[in-house]
Protein chains: 2
Amino acid sequence: MNVRPEPNTSSTPPPRAPDEGRAQSQRARNLSHVHPADVTLSDALTALADPVRRTIVKELAGGPDWTRACGTFDLPVTKATRSHHFAVLRQAGVIEQRDVGSRRLNRLRRPEFDAAFPGLLDLVLHERRASPGES
Amino acid sequence: MNVRPEPNTSSTPPPRAPDEGRAQSQRARNLSHVHPADVTLSDALTALADPVRRTIVKELAGGPDWTRACGTFDLPVTKATRSHHFAVLRQAGVIEQRDVGSRRLNRLRRPEFDAAFPGLLDLVLHERRASPGES
DNA sequence: TAAGGTATTCGACGGAGGTCGATCACCATG
DNA sequence: CATGGTGATCGACCTCCGTCGAATACCTTA
């Protein structure tokens, strides 16, 4: 699980917290990212094999970058599980996160992830419905 | 886990057991296949998330169809586990199997699986090495 | 400072799945 | 028929991981 300097790969200029120029907060310091290029195929497939995580990815692709906080997703799990899934997606290079105020905004790493695993995200985004299986 | 009539989708004419025209043996009757079109994305991703199964897929792609029996693969697991993995790949629509004599020959369902999950097999076949991580 | 909202962390639980040895079924030879 | 080879099945074990409640940390607003 490598961690990169993480240059600004965003397609849209990300919003900033009010206290812009100050030192990183402890919360932001704990936010470690992994670049898709450093992710194994095992980790990528495992991350996207979970239906809850695929729901997150699909909802995230439905809107602009940096507009969805973790709590705004419609998921059939509690806060703790939700937080776990976001961490897995982040460590698998699928999403990028940034703290703004008390919320944590998300972005789907479309171009970088596509470069590392061509077609994989498309497969997820073209999926009819999640797995649980009712119409 | 649907089971289809399974028409002959092979690219190469598959070999036949010596007793060609006879009734299906019990062994062949237990061999149930699932067409990739009937496989969920969850099952496809889960099947290919395992390093042992990806090794099978890659070895299978390295030679012609219907030339590799289950026992001819170089896998770090016992017979029982090996048999389990082949069953998972079969139920996920990744491979097709056919009994010839006392052996069970395999075929990678390249065109059908590609049609159902474009790019997914390519991702696996282009993977540098399996996950365990030593060169 | 207090209160409320957002999100992570911790510890525990339970189920799913990868693994194995042993056994069994089937096929092909002597 | 007996033997050996191939592969599936069974039962058990164990680890991983998805899940949760509770506690904690951080931010914002009053």
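This is a predicted model: local features need pLDDT of at least 70, side-chain atom pairs count only at pLDDT 80 or more; totals for chains, interfaces and linings use all residues.
**View 1. The open sheet of chain A has 3 strands in the order E1-E3-E2.** Pairing within this sheet is antiparallel. Strand E1 (68-69) and strand E2 (95-100) of chain A each have a single partner strand and stand at the edges, so each is left with one side that has no neighbour in the sheet.

View 2. Helix H4 (residues 79-91) of chain A, in turn, lies across E2 and E3 of chain A, where its course runs at about 120° to that of E2(A).

**View 3. Chain A and chain B are related by a turn of 180°.** With that turn and a shift of 0.0 Å along the axis, chain A can be laid on chain B with an RMSD of 0.0 Å. The two copies are therefore related as by a two-fold rotation axis. Both copies use the same surface, in that 100% of the contact residues of chain A recur in chain B.

**View 4. The interface joins 16 residues of chain A to 16 residues of chain B.** The size of an interface is often expressed as the accessible area that is lost when the parts come together. Between chain A and chain B the buried area is about 1,200 Å², and carbon and sulfur atoms give 72% of it. On the side of chain A, the residues that lose the most area to chain B are Leu41(A), Leu45(A) and Leu123(A), which together account for 47% of what that side buries.

**View 5. Polar pairs and contributing helices are shown at the interface of chain A and chain B.** The count of salt bridges between chain A and chain B is 0, whereas 2 residue pairs are found in polar contact across this interface, both at pLDDT 80 or more. Helix H2 (41-48), H3 and helix H6 (120-125) of chain A are the elements that give two or more residues to the side of chain A that touches chain B. Of these, H2(A) gives the most, with 5 residues.

Key:
Residues are numbered from 1 along each chain as its sequence is written. Chains are lettered from A and ligands numbered from 1 in the order in which they are written. Side-chain values use heavy atoms; hydrogens and water are left out. Two strands pair if DSSP finds at least two bridges between them. Helices (H or I, at least four residues) and strands (E, at least two) are DSSP runs, numbered from the N terminus. Contact means heavy atoms within 4.5 Å. Axes are lines fitted to C-alpha atoms, for helices over the stretch in contact, and angles run from 0 to 180 degrees between N-to-C directions. Copies are superposed by least squares on the C-alpha atoms of residues with pLDDT of at least 70 in both. Buried area is the accessible area (1.4 Å probe) that two parts lose on being put together, summed over both. A salt bridge is a side-chain nitrogen of Lys or Arg within 4 Å of a carboxyl oxygen of Asp or Glu. A polar contact is a pair of N or O atoms within 3.5 Å; within protein, one must be able to donate a hydrogen and the other to accept it, and residues adjacent in sequence count only if both atoms are side-chain atoms.
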